[in-house]
Amino acid sequence: MRKKVSSFLTSKYILIILTVVCILFIGISFFTDRLVAPLRNAVSMIVVPLQKGMNNMGLWVYDEVSTLQEISVVLDENKNLKNQVDNLTEENNQLKQESYELSRLRELYKLDEMYPGYTKVGARVIGTTSDNWSSSFRIDKGSDDGIRVDMNVIASGGLVGIISEVGTNYSVVKTITEDNNAVSGMLIDTNDNCIVQGDIELMESGVIHLSHFKSGITVRNGDKIVTSNISDKYLQGILIGYAKDVTLDSNNLTQSGYLVPAVDFNNLQEVLIITETKK
């Protein structure tokens with residue numbers, strides 16, 4: 001009997017203890033929430049802005065990385081486009097050079113047709129032999145190509161000069177504009193004789209000396225002057241240039257003036273050599 005009573009009391013105490021513990025926990029949780037809530041609010045006031053800042057920073061970093069990637073792509077594309085532009089520019093320049101060369105060769109072909117009675121050889125100008133381009137220059141043809149001294153050289157529709165020196169693979173051309181280089185000329189319309197004489201200083205004005213016309217003839221600006229039949233080295237009938245400002249000399253016996261060369265000596269690149277000399 002005592003054992004039953006003791007067991008009952010023990011169970012009762014255990015139930016009471018458990019009930020008290022539960023109530024205690026309920027009370028603690030109630031009061032804990034009330035105590036923790038202000039702390040939670042205070043923490044959230046600090047943590048939430050930090051979270052927002054971190055999120056914004058993360059988005060900014062992502063945007064910057066994306067922008068840098070886009071810039072890198074654009075720079076690569078720009079580099080490729082620049083290379084394409086450079087290649088196209090180079091091709092365009094090459095085409096222009098080929099077009100200019102073709103145009104010059106056509107001019108030489110026309111020049112060849114102007115003097116069908118003479119056999120000719122084409123040559124390229126490879127350098128000058130003095131400080132002044134209009135004095136003399138070298139070409140890339142020599143004795144190996146059949147070139148000889150005193151052969152006449154023409155370009156741009158007119159007389160350039162004469163071969164004065166020949167090497168195996170080059171020649172030197174003495175131009176009509178060289179100082180004191182005299183060429184016997186004549187008016188193409190009347191065959192009246194004159195003398196064309198080089199003068200480097202005058203070439204800056206685009207002219208050289210023209211003299212020894214008889215006083216009784218009429219010489220107009222623009223009249224064509226060609227090589228005469230009495231020249232000892234120059235073949236007859238090659239255009240030298242055009243008369244300009246011919247007037248009566250002080251002796252009243254002759255007339256003098258200027259000649260505008262038919263050849264542009266500042267832009268010579270190719271010439272034709274007449275492969276025969278004056279007999």
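Predicted model: local features only at pLDDT ≥ 70, side-chain atom pairs only at ≥ 80, totals over all residues.

Guide: Residues are numbered from 1 along each chain as its sequence is written, and side-chain values use heavy atoms, with hydrogens and water left out.

Visitor: What makes Glu270 and Arg124 a salt bridge?

Guide: The rule asks for a side-chain nitrogen of Lys or Arg within 4 Å of a carboxyl oxygen of Asp or Glu. For Glu270 and Arg124, N to O is 3.1 Å, so the pair counts. Glu270 is in strand E12 and Arg124 in strand E1, so the bridge ties together parts 146 residues apart in sequence.

Visitor: Why is Glu270 called buried?

Guide: Buried means under 20% relative accessible area, exposed over 50%, partly exposed in between (1.4 Å probe, protein chains only). Glu270 has 9%, so it counts as buried. Arg124 has 38%, so it is partly exposed.

Visitor: How do you know that Asp150 pairs with Lys233?

Guide: Their closest N and O atoms are 3.8 Å apart, a salt bridge. Asp150 and Lys233 sit in loops, 83 residues apart.

Visitor: And what of Asp223 and Arg220?

Guide: Their closest N and O atoms are 3.7 Å apart, so this is also a salt bridge. Asp223, at 10%, is buried; Arg220, at 48%, is partly exposed. The total comes to 3 salt bridges.

Visitor: Why does Ile16 count as partly exposed?

Guide: Its relative accessibility is 41%, so that label applies. Ile16 lies in helix H1 (residues 2-114).

Methods
Helix = DSSP H or I, 4+ residues; strand = E, 2+ residues; numbered from the N terminus.
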